[in-house]
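My plan is to look things up one at a time and write down what I find.

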Amino acid sequence: MKQNLGKTDRVLRFALAFWWLGPWALRTNVAWVDWAIIVIGVIALIESFTGWCGLHSLFKINNKNQ
């Protein structure tokens, strides 16, 4: 796995994960929506630390130098 996320992208993903997994997260009355928000937050957190995004690889996008 080569890194394909730039520094700015990684910082923004970490901020998104911090917000969605923290006490400020959007909560709804629909359980599956709450779980979807948690899953997306965890994925964003993992991507922010690894610097690799599966969708970027799928669409051959490389932001590493940005």
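**Entry 1: contacts along the chain.** I began with contacts whose partners have a separation of 6 or more, and I found that residues 24 or more positions apart account for 70% of them. I keep in mind that this is a predicted model.

**Entry 2: the overall make-up.** Next I asked how many helices and strands the protein has. I counted 3 helices and 0 strands. Read along the sequence, that gives me the pattern α-α-α. I then looked up the box filled by the C-alpha atoms, and along the principal axes it is roughly 40 × 20 × 15 Å.

**Entry 3: surface and burial.** I looked up the accessible surface and noted about 5000 Å². Carbon and sulfur atoms hold 71% of that surface. Of the 66 residues in the protein, 27% are buried.

**Entry 4: helix 1 against helix 2.** At what angle do helix 1 and helix 2 pack? I read about 145 degrees, with the two axes 8 Å apart. The crossing of helix 1 past helix 2 is left-handed. By class, I list 12 nonpolar, 3 polar and 3 charged residues in this contact. From helix 1, the residues that meet helix 2 include Phe14, Leu16, Ala17, Trp20 and Leu21. On the helix 2 side I noted, among them, Ile37, Ile38, Ile40, Val42, Ala44, Leu45 and Phe49. Arg10 and Arg13 of helix 1 are also in the list, as is Glu47 of helix 2. Gly41, Ser48 and Thr50 of helix 2 take part too.

**Entry 5: Val42.** I stopped at one residue of this contact. Val42 is in helix 2. Is Val42 buried or partly exposed? I put Val42 down as partly exposed, because its relative accessible area is 37%. I also checked the distance from Val42 to Asn65. They are 23 residues apart in sequence, and their C-alpha atoms are 25 Å apart in space.

**Entry 6: salt bridges.** How many salt bridges are there? My count comes to 2. One of them joins Arg13 to Asp9, with the closest N and O atoms 3.0 Å apart. I find both residues in helix 1, 4 residues apart, about one turn of the helix. Another joins Glu47 to Arg13, where the closest N and O atoms are 2.3 Å apart. Why does this pair tie together parts that are 34 residues apart in sequence? Glu47 lies in helix 2 (residues 31-50) and Arg13 in helix 1, so the bridge ties the two parts together.

Entry 7: Glu47 and Arg13 are both buried. Arg13 counts as buried because its relative accessibility is 16%, under the 20% cut-off. Asp9 counts as buried as well, at 18% relative accessibility.

**Entry 8: more on Asp9.** Where is Asp9 found? I place Asp9 in helix 1 (residues 7-21). Which residues does Asp9 touch, leaving aside its neighbours within four places in sequence? I noted His56 and Asn63.

**Entry 9: Lys60.** My last stop was a backbone angle. Lys60 has a positive phi of about 55 degrees, although Lys60 is not a glycine. I find Lys60 in the segment after helix 3 (54-58). Is Lys60 buried or exposed? I wrote down exposed, because the relative accessible area of Lys60 is 74%, over the 50% cut-off.

Terms used. Residues are numbered from 1 along each chain as its sequence is written. This is a predicted model: local features need pLDDT of at least 70, side-chain atom pairs count only at pLDDT 80 or more; totals for chains, interfaces and linings use all residues. Side-chain values use heavy atoms; hydrogens and water are left out. Buried means under 20% relative accessible area, exposed over 50%, partly exposed in between (1.4 Å probe, protein chains only). Contact means heavy atoms within 4.5 Å. A salt bridge is a side-chain nitrogen of Lys or Arg within 4 Å of a carboxyl oxygen of Asp or Glu. Accessible areas come from the Shrake-Rupley method with a 1.4 Å probe; for residues, only the protein chains shown count as cover. Axes are lines fitted to C-alpha atoms, for helices over the stretch in contact, and angles run from 0 to 180 degrees between N-to-C directions. A crossing is left-handed if the near helix is turned anticlockwise from the far one by less than a right angle, and right-handed if clockwise. Ala, Val, Leu, Ile, Met, Phe, Trp, Tyr, Cys and Pro count as nonpolar, Asp, Glu, Lys and Arg as charged, and the others, Gly among them, as polar.
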